[in-house]
Amino acid sequence: MTRRYWERVRGTLLEEYIIVPSRPGVGRRTVDAVIIKDGDHRIAYRAENVSLDGHDIVIVQTKASRLGMYLLGQAFFSRELIKDRFAPRSVRTVALCAIDDAILHPIAERFGVEVVVDDAPLIGVFAT
């Protein structure tokens with residue numbers, strides 16, 4: 001799902017991007033994907049040291065299920081962590097899901113989280 005979304009928006013894809021490394025008293029935090037919109041259309045290697053500073057980025061949190069509060073929390077707090085720890089030029093946050101939710105969707109948008117529904121068939125996954 002994440003890669004299908006990236007193919008539409010283009011840019012440099014950073015998968016499982018670590019925004020907070022683990023250390024005593026601090027849990028490791030990753031985002032499913034960061035897309036550097038003004039970057040080359042490619043998938044970055046995990047070992048690459050790619051800076052987010054000064055770039056237009058899209059944070060993507062993905063769940064192959066219905067839009068829920070867990071996914072929205074991930075999307076919202078990922079954006080805040082990125083803004084606190086890096087200096088991107090702009091930040092968009094996307095909650096990518098398989099099924100929309102009529103109650104949560106407008107609340108997400110009120111808090112600046114874009115909801116994108118990818119309803120392509122999910123092979124071997126039961127979305128509820």
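Visitor: Which element gives the largest share of the lining of the second largest pocket?

Guide: That's H2, with five residues. Keep in mind that this is a predicted model.

Visitor: Which elements give two or more residues to that second largest pocket's lining?

Guide: Those are strand S2 (29-36) and helix H2 (69-85). The lining includes Arg29 and Thr30, along with Gln74, Phe77 and Leu81.

Visitor: And what classes of residue line the second largest pocket?

Guide: You'll find three nonpolar, five polar and two charged residues there. The volume of this second largest pocket is about 160 Å³.

Visitor: OK, what volume does the largest pocket have?

Guide: About 290 Å³. It has 14 lining residues, and Glu15, Tyr17, Tyr45, Arg46 and Glu48 are the closest to its centre.

Visitor: Which strand gives the most to the lining of the largest pocket?

Guide: Strand S1, residues 12-20, which supplies five residues. By class, the lining of the largest pocket has seven nonpolar, two polar and five charged residues.

Visitor: Switching topic: how many salt bridges does the structure hold?

Guide: There are eight. One of them pairs arginine 4 with aspartate 118, and their closest N and O atoms are 2.9 Å apart.

Visitor: Where do arginine 4 and aspartate 118 lie?

Guide: Arginine 4 is in helix H1 (residues 2-9), while aspartate 118 is in the segment after strand S6 (113-117), so this pair ties together parts 114 residues apart in sequence.

Visitor: Is aspartate 118 buried or exposed?

Guide: Aspartate 118 counts as buried, because its relative accessibility is 6% and the cut-off for buried is under 20%. Arginine 4, at 38%, counts as partly exposed.

Visitor: Which side chain meets glutamate 48 in a salt bridge?

Guide: That of arginine 42, at 2.8 Å from N to O. Glutamate 48 is partly exposed at 29% relative accessibility, and arginine 42 is partly exposed at 31%.

Visitor: What about glutamate 114, which arginine does its side chain meet?

Guide: Arginine 92, with 2.7 Å from N to O.

Visitor: Last one: which residues do salt bridges with shared partners join into one network?

Guide: Asp38, Asp56 and Arg89.

Technical notes
Residues numbered from 1 in each chain as written. Predicted model: local features only at pLDDT ≥ 70, side-chain atom pairs only at ≥ 80, totals over all residues. Heavy atoms only, no water. 1 Å grid on protein atoms, 1.4 Å probe; cavity = no way out; pocket = protein on both sides within 12 Å on 5 of 7 lines; lining within 4 Å. Points joined across faces, edges and corners; volume = space filled by probe spheres on them. Helix = DSSP H or I, 4+ residues; strand = E, 2+ residues; numbered from the N terminus. Nonpolar A, V, L, I, M, F, W, Y, C, P; charged D, E, K, R; others polar. Salt bridge = Lys/Arg side-chain N within 4 Å of Asp/Glu carboxyl O. Buried < 20%, exposed > 50% of the residue type's maximum accessible area, 1.4 Å probe, protein only.
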